[in-house]
Amino acid sequence: MDFFDPTFDYEMIFRGTGALIYVIDAQDDYMEALTRLHITVSKAYKVNPDMNFEVFIHKVDGLSDDHKIETQRDIHQRANDDLADAGLEKLHLSFYLTSIYDHSIFEAFSKVVQKLIPQLLTLENLLNIFISDSGIEKAFLFDVVSKIYIATDSSPVDMQSYELRCDMIDVVIDVSCIYGLKEDGSGSAYDKESMAIIKLNNTTVLYLKEVTKFLALVCILREESFERKGLIDYNFHCFRKAIHEVFEVGVTSHRSCSHQTSAPSLKALTHNGTPRNAV
Amino acid sequence: MEESDSEKKMEKENLGPRMDPPIGEPEGSLGWVLPNTAMKKKVLLMGKSGSGKTSMRSIIFANYIARDTRRLGATSKMFYLIVKSCDLNLNNTLGCSNLIYHICFPVDVEHSHVRFLGNLVLNLWDCGGQDTFMENYFTSQRDNIFRNVEVLIYVFDVESRELEKDMHYYQSCLEAILQNSPDAKIFCLVHKMDLVQEDQRDLIFKEREEDLRRLSRPLECSCFRTSIWDETLYKAWSSIVYQLIPNVQQLEMNLRNFAEIIEADEVLLFERATFLVISHYQCKEQRDAHRFEKISNIIKQFKLSCSKLAASFQSMEVRNSNFAAFIDIFTSNTYVMVVMSDPSIHIPFVESVRMNWKDQP
């Protein structure tokens, strides 16, 4: 990206941008990258000071743990020093250690996207209520295509179980692609009735249910809790309705005013979603 | 009896998990607690060094995907080193005829005893290499290696520049089979077919197949063309496993009855360790001809993820508005997958039917 190229209208691009992700190759000499990072974020900040600036320290799969921490600390230090020198202390950079060989890249993208969702708090609250009433240990609201999660409940995220859930989505979509299309090949693998239950040999149950066209809820719970499946499904039915309402409100208020404030209040809207059959 | 010092040293050096010794060591010798080798039938996977056996084995059994196998080193070299060091550390009381060795793979494999279909053990052998030590060892242990063999799978690298030599080694293996396990089934895999130009593949394979058939007489061999980069490897191993099941026709008939009772679209039977499709019944025409390999791969990928959490999956149910699929443990060696296009069928019904069928003779 050459900022000095007159055909590159960075003003237009940056104005509409919510987040800028800058990727640094951790396995290479990153001095030049840091310089470019500084130029890029300063220019972007001038155009749009509300933008989120995210730095991915990438390809860390080849580094030892100590080296990872050291690299992150070093890059963090240098980048912030550069900003302080330029008088841009208000510019906040977030750093993430990523690699494509594990799920850290998904985790990082999830966090970046979550920062951009105005309804995040509402979604988290809904998830908290849902899991505590249903005896579920952890729940994620996943985007099925990209496998990044846009919300989770307040309990801590365990990277390994996150991986397992991504893989579960893969299994569900892949199997649905093979058997779940109509005879003429139409229809889609992931539709309103999509759901899956996977039981592991250590009494863990993974439960996936469709929430919207793009989102799925993936829960992890114990086998004993799963015996109350009827209760869980009823709670899920309420939860799903609420999620639809949150996003409908988001759409209407976005149309009416251009600036999103904190989580919009829920309005009792009628919507034409298909009523779910309570099991 | 305790582990011998050489064994302890081996484990300390972190050379990976132990494998079943490829020869029939008498039980209990030198403190090696062996599974009863007399009970176990062997599946020999043989071929020249570098022909692709370890990758194949890893993919089919230890659940590695094709990309990871590039990190596997040369098996025979490792083997050679282990035996040599064993030599030096040997206590004199052991004597030369009772060498203990380990076949250790440079990569940690999931199963240290690769077993499938209950009582078949997989043994991997490099033969026809440049290594004189290997050669001698192989020759001296020939009878032991080829005794009790149920299946011989011989891998040929399609790109090999030493066709004559490959055939020569193959034939000497066949001689040993004829002597020691004349009832063994023989399969030849013409491997690494992805390296051949697409329009040449059929031709080259047919040529090789004819040659091999001719050279194998009086024994009969079945030939397959394979590559780890597409579904041909799975198809070949599926066919091999299919032929190893004692009463597969009976099984298929039972499967058909079962499927008809529950009005399923399709029922698949998988071998548990490898998820190769052993048998299937289909009532409705299915769109995807490659679905068996795909399903196998999908499940194995998921099994691999589960194993990272030290768990394994027991059962699975997947639905959308057009179908419902159930995968569950069937017998000690098999999984069953039932696919229905009527998604209103509930699990308990399917399970109760399955339970009933299991109890039938």
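**The A–B interface in a predicted model**

The area buried between chain A and chain B is about 2,900 Å², with carbon and sulfur atoms giving 62% of that area. This is a predicted model, in which local features need pLDDT of at least 70, side-chain atom pairs count only at pLDDT 80 or more, and totals for chains, interfaces and linings use all residues. Residues are numbered from 1 along each chain as its sequence is written, and side-chain values use heavy atoms, with hydrogens and water left out.

Me: What makes the area between chain A and chain B "buried"?
Reply: The word applies because buried area is the accessible area (1.4 Å probe) that two parts lose on being put together, summed over both, and for chain A and chain B this comes to about 2,900 Å².

Me: How many salt bridges are there between chain A and chain B?
Reply: A salt bridge needs a side-chain nitrogen of Lys or Arg within 4 Å of a carboxyl oxygen of Asp or Glu, and between chain A and chain B the count is zero.

Me: Why are β6(A) and β9(B) said to pair?
Reply: Two strands pair if DSSP finds at least two bridges between them; six bridges join β6(A) to β9 of chain B (residues 313–320), so the antiparallel strands meet the rule. Within β9(B), R319(B) is the bridge partner of M195(A).

Me: What is the average pLDDT of chain B?
Reply: On pLDDT, the predictor's confidence in each residue from 0 to 100, chain B averages 68, and 62% of the residues score at least 70. Over residues 1–38 of chain B the pLDDT is below 50. Where pLDDT is low, the predicted coordinates should not be read in detail.

How values were computed:
Chains lettered and ligands numbered in written order. Helix = DSSP H or I, 4+ residues; strand = E, 2+ residues; numbered from the N terminus. Contact = heavy atoms within 4.5 Å.
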